[in-house]
Structure formats: C-alpha cells, structure tokens
Amino acid sequence: MTSNCINKRYGEMLHALELGMLSNEDLEKLQIHLMECEYCFSRAKEFLNAAALLRDDADVKSVIGELAEKETRPHRFLYRFKNLLWPDRPRFILAKPITVIVVLLFLSFPVYRVITSKMPRIEQTINFYPMRSGGENIIYKSKGGEVSINFVYEWAKPGREYMVLIAQPGGYSPYANGKYSNFNDQGLGSIVLHVNKFKRGSYILTIVDPLSGDSESKAVYYFRVE
Amino acid sequence: MIGACSLDINQLHENARNGDSNAEKKLFELLTVRFRYLATLRLKDETEAEEVTQEALLAISGEFREIVIERSFAAWAHKVFENRIRNYTRSRQKRGRLISSELNNEGLSGRDDHLKRRLLGCLRRLNDLNTRYARILNLHYHGYTTDEICEKLDIKPGNLYVILSRARSLLQECMNKGDLI
C-alpha cells in the first residue's frame, strides 16, 4: 500500500462517506477519488465492517447517544455561563478583556475596603498656635469622623519625647502620651482622634517637656466639644 | 509527491484500449474491488452489491474500448456504476423491499460480536479525548444534515470532516493495537 493520499482534501472526507454524511456532489467526487487513490481505498477496505457498525448498528448508536449526552448534559449550564463571560467566538471583540477587568475589580474591592477602612477620615481640624487670639476652637460631635488636632510647641525639638495630655477639668482624658515625639522642625505636632472619644464639654491640651523643670516650657490650649 | 501514487486507472484503461491484455485484466480487477466496496457501502448488502457490481462491469466491458473520454476513465466508470446503483435502488423500492439492515440488523453489521465489542470499547476511550465525535454522530443519527450539524456546533464543513477523519484514525489505531496511544 502506498503511504500517502494523492489528494488529502478528499482523503479527509472518507469517514464522512462511510457514515453517509456526504452531499451528492462530494459523494461523487470522493467515489471517483477512491477509484484512483490506492491509499484511501485500502484504508476504506480495512474499516469496512467497523464503518458498517457505526452506520447501522443499534447498540453502537445507543452507546454513541450516551457518550454524546454525557458530554453535553452536565456541562451545558456551565458551558453557557462560561460562554457568556468568555465567549468562544465573541461577537463583541472586547468581551474577554472587559470580563478580565470586571473580575479583577470585583476581587480587589475587599482589599480596597480593608485599606481604606484603616485610613483616617478627617472630618474636622482644629489648630493651636501660641499667643494667637481668636475664636474658640470647637469640635462638633454631630459631624462625626476623625478630628485632627494640630498644635505648636515652641520648645519642641524633633525626635525628642514630650508629655501631651488632653483632658477635661473633671478628669476625663481621651488622650495622654508621655512619650510624644512627632514634632517637626517648626515645632508643629498633630494628633488624630475619633470624635466619639470626646464627651461634650471643655478640654485642656497640655504639652510639657519632662526634662525641663521650667514652668514656662509648658504649653496650654483650650477647646470645647459640643 | 514522494510516497504518493496515483493508481493511474486512467493509464491502465489507455493501455487496455491499445490491446494490452494484462492491463485490461488489471483494470477490471481494480474496478471489481472498488465497485464491490462502494456498492456494499450504498446498498448495505453483499449479495445485492455483487449483483450491481457485475452489471456495471458488464456495461463497462462492452464500451470501454470505444468511449470518448471527457474528464477521465475513472469518472466515466463511476458514472456507469452510479447509474446501476440508482436503477437498482429504484427497482427495489418498487418491489417494496426494505434495506436489510432496517429489517433485522443483519448484513455486514450484525455478524461480528467481537468486532463490535472492540469498537464500543474504543469509542468510549476516544470520547475521553474527542467528545465532538460522539456529538456529531449522534446528531447524524437523529437526522441532522451535515450543514445543520455544522451550524449547531458552529464549525465549517471542512472542520467537520477533519474531526471525523482524526477520530477515525484514532479508532482504527485503537482497534488494531488495543488502545489509544
């Protein structure tokens, strides 16, 4: 037997001929091909009985039916869902990249929420400067959120530790830090507290240098929470 | 093409027409096996296939020396054969005879249980690799035309033939060697 078909285009149709799936036009062409191609005719002869089973046998047809159902039934829904998001032949050419972007956004949203939940949401800011007269600094509980309290301590040196205390005259203290060290070069410090830490009333912000026995190195600021 | 060989049935015919008796003998041997195969495929019955084959060969033997070839001898011989098939099928329908495989599954397909078992085993193994083959065949069994199958599976006819051809190769290999490699 020769090792090659003389015309592979027709050679590929052989099984379709054996199963009876060719159009009349292709049937004629392939039959003539079998008259001329020893390779294809030998293959056809070898497979004659098996092809007859595939074409006509009831048991074989039944098994084929089971195999076909097995392939389609469990996966039909999944295939349709998958094809919706990731079509085999997208009519809309951007379907796949858009699907990827949407999935990435969906997956990254919880991470975004965790990150942003840790970032303070500053709703109010009060600033304290020495020797500055003006209106009272008031924090409004109704505004909610975080309160940024900025204060100047003239004797502050960056990196050194100081005592910072926020307290009511009655003793309640939402903030006390004996080792505050966040002053910058200009002596500006900052604390962020949630408004819920404050009760309504008057407060005193006190900054003291623990190493100095001089009372003039103490800074005091007043504010209210309403 | 290296390794490829046209049977050159047309050349055999030319030589036979010129008086080469060996060529004539070879020509009719080739025609016999081919007609027998094609007739069996179409009529699904070996006895009827033999009848049609002999009729076609008889018609060809009476005319092959004098015919005027338009396309090729193979095409002309096929046309003679095809006419015999059609005539036989028409007369069979008039007589009200059913195709034997429709009656009781005898004929080619009903004889070899061992072959059937091997085929069924190979079909199951093949389905693990190529699930579309079973789907295509099942649709064909349910009366879908080739065009309808292609539309349903969203493939071209050429692709369908390739799927069938590859599956056939795997089936044949499995049946010859006992397993798919």
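In what order do the five strands of the open sheet of chain A stand? The order is 2-8-7-4-5, and the pairing is mixed. The structure is a predicted model, in which local features need pLDDT of at least 70 and side-chain atom pairs count only at pLDDT 80 or more, whereas totals for chains, interfaces and linings use all residues. Residues are numbered from 1 along each chain as its sequence is written, chains are lettered from A and ligands numbered from 1 in the order in which they are written, and side-chain values use heavy atoms, with hydrogens and water left out.

Strands here are DSSP runs of E of at least two residues, and helices are runs of H or I of at least four residues, both numbered from the N terminus. Two strands pair if DSSP finds at least two bridges between them. Three bridges link strand 2 of chain A in the parallel sense to strand 8 (residues 219-225) of chain A. Within this pairing, A:Ile138 has A:Arg224 of strand 8 as its bridge partner.

Chain A also holds an open sheet of three strands, in the order 1-3-6 and with mixed pairing. Strand 3 (residues 146-152) of chain A runs antiparallel to strand 6 of chain A, and seven bridges join the two. A:Ser148 stands opposite A:Val192 in strand 6.

Attention now turns to the interface. Contact (heavy atoms within 4.5 Å) involves 59 residues from chain B and 53 residues from chain A. About 5400 Å² is buried between the two chains, 64% of it on carbon and sulfur atoms; buried area is the accessible area (1.4 Å probe) that two parts lose on being put together, summed over both. B:Tyr37, B:Tyr161 and B:Arg168 supply 14% of the area that chain B buries against chain A, more than any other three residues.

Six salt bridges are counted between chain B and chain A, each a side-chain nitrogen of Lys or Arg within 4 Å of a carboxyl oxygen of Asp or Glu. A salt bridge joins the side chains of B:Lys116 and A:Asp59 (2.8 Å, N to O). Several helices of chain B each supply at least two residues of the side that touches chain A, among them helix 1 (9-17), helix 2 (21-43) and helix 9 (157-177). Helix 9 of chain B gives the largest share of that side, ten residues.

Two loop residues of chain B have positive phi without being glycine. B:Lys44, with a phi of about 65 degrees, lies in the loop between helix 2 and helix 3 (46-63) of chain B. B:Asp154, with phi near 60 degrees, lies in the loop between helix 8 and helix 9 of chain B.
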